Amino acid sequence: DPFFSVDALVHLPHDCYTPSAYFPGCMMSAALNFDPSAAQPGPCVFALYGCKSSSALNYNPEATHADGSCVEPRQGCTLAAEALNYDPTANVLNGCKLARPGCTDRTALNFDPLANVPSECVPRKVGCMVPAALQSGKRASVEGMALNFDQNATVNNVSLCQLRHKGCMLSSALNYDSHANTPGVCYERLDGCLDRHALNFNCSVSKCSEPLTKRVTHHMSSTCRYPPPPPIALIVGLSLGGLVISLAISSCCVWYCKRRSAKVDAANLYVYLSGIRVRAASLSPRRDKYSPSKGKEVYPSISVRKLVHLERELARASRQHAELEQSNRQLQSNETRLQDDLHQMEADLVNAREELALQAAAATATADAAAASAAARTSATPAAATAAASAAAATATEASTAAAAEASATTAAERRAVTESPRLARGT
């Protein structure tokens, strides 16, 4: 090999030009397989103590010397706290019987067929388990609660329960309940007056002065006593009193109307100042014969509140008048537009009638000409046929011209009527 070294003591295959093994072997003197002639390092085997039994739990396949530490497997239960068949010598978990507390009595209500540790059993006892109270220690007379609740029962049988039903158990009472099993309020028949307008309301036939221990349950109209009607003198007196009061009020109104009130004068003054000249004479000074200072000129007193009220009323009336005028102008505009549309429709109708008349005249002339031609063809001589055709054509032309003239005259008259009608309508 070109890379051969004379001074090398250990052969390394990777240092050669061509890697190759050269006397491999263990070169450690402490190893069991030490090879003094080895030139290349190889695997060494050293002494290792351990278990060399392949069936043991701690078997070591690399051990070279047995040290007696092998642990052979032993099947059994290794759960000390949970199992019933715990084996302290076992080292492989197998076949544990776990503890299951429960009732082992087959007649008990809570029998557990899988239980292996006996515990408390609940005996089977049939009875009514519907409670008799809403809260513990407090009995309540509520409909549907049981009267024969059995606190020792473990199996409920509703048919054995006697449910509470409160009601009147007296057969002679008006509200007797044949299904009641708990005494309730009873109302016996007690005749009396039950009219609230009567003086002896809620009083029995026998007595009314003392407080009743029992309520009246049956009304008898013959036992009611009502207050007497008012005497005639009282009615007459009240009527005369009302008449006197009415006369006094009427006299006061007449007295007030005879005297010109200052409020009326203030209203007239406000109307005059607003531009509406009504009762202008009321503005001049007058002599008030009822004034303490007789003979002096006295002007009417003006109430500011009355003036403000009248001003508001005038403004409101002005607004309403403006709204009415605007509505009137809108209605007139709508009416004018509708009339124009109507006249336009009438003009279109006249034009349609003129076209129809012209078409009818043309159709009539054509028919007459065709009839004349047919008559000429059936005549004996050519000259007579020619004369007849010429006469028929002239007659048809005259008829067509007359119909067209008549239609034109009718159309012109209708157009004049249509043209003049908007003017008359607008003038009106």
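**Close-up views of a predicted model**

**View 1. A salt bridge joins Arg74 and Asp87.** In this predicted model, the side chains of Arg74 and Asp87 come together in a salt bridge, with an N to O distance of 3.8 Å. Arg74 belongs to the loop between strand E4 (65-66) and strand E5 (75-76), whereas Asp87 belongs to the loop between E5 and strand E6 (92-93), so the pair ties together parts that are 13 residues apart in sequence. Arg74 is partly exposed, its relative accessible area being 44%.

**View 2. Asp112 and Arg100 meet through their side chains in a salt bridge.** The N to O distance in this salt bridge between Asp112 and Arg100 is 3.1 Å. Asp112 is placed in the loop between strand E7 (101-102) and E8, and Arg100 in the loop between E6 and E7, so that this pair ties together parts 12 residues apart in sequence. The two partners fall into separate accessibility classes, since Asp112 is buried, with a relative accessible area of 18%, while Arg100 counts as partly exposed at 38% relative accessibility.

**View 3. Glu120 sits in the loop between strand E8 (117-118) and strand E9 (126-127).** With a relative accessible area of 68%, Glu120 is exposed. When its neighbours within four places in sequence are left aside, Glu120 is in contact with Cys103 and Asn110. The C-alpha atoms of Glu120 and Pro101 are 9.1 Å apart in space, although 19 residues separate these two positions in sequence.

**View 4. Strands E14, E13 and E15 form an open sheet.** The three strands follow the order E14-E13-E15, and their pairing is mixed. Strand E14 (203-204) and strand E15 (218-219) stand at the edges, each with a single partner strand, so one side of each is left without a neighbour in the sheet. Strand E13 (residues 191-193) pairs with E14 in the antiparallel sense over two bridges, and in this pairing Gly192 stands opposite Ser204 of E14. Asp191 forms a salt bridge with Arg189, in which the closest N and O atoms are 3.5 Å apart; Asp191 itself is partly exposed, with a relative accessible area of 24%.

**View 5. His11 is a buried residue in the segment before E1.** The relative accessibility of His11 is 16%, and His11 therefore counts as buried, a class that takes in residues under 20%. A polar atom of the His11 side chain lies 2.8 Å from the backbone oxygen of Ser20.

**View 6. Leu9, Val10, Leu12 and Met27 form a nonpolar patch on the surface.** Together, these four residues present about 380 Å² of accessible area. One of them, Leu12, is located in the segment before strand E1 (24-25), and at 44% relative accessibility Leu12 counts as partly exposed. His11, which lies in that segment before E1 as well, is by contrast buried, at 16% relative accessibility.

How values were computed:
Residues numbered from 1 in each chain as written. Predicted model: local features only at pLDDT ≥ 70, side-chain atom pairs only at ≥ 80, totals over all residues. Heavy atoms only, no water. Patch = residues over 30% accessible without salt bridge, like charges linked within 9 Å, V, L, I, M, F, W, Y side chains within 5 Å. Areas by Shrake-Rupley, 256 points an atom, 1.4 Å probe, with all protein chains shown as cover. Helix = DSSP H or I, 4+ residues; strand = E, 2+ residues; numbered from the N terminus. Buried < 20%, exposed > 50% of the residue type's maximum accessible area, 1.4 Å probe, protein only. Contact = heavy atoms within 4.5 Å. Pairing = 2+ DSSP bridges. Polar contact = N/O pair within 3.5 Å; in protein donor to acceptor, adjacent residues only side chain to side chain.
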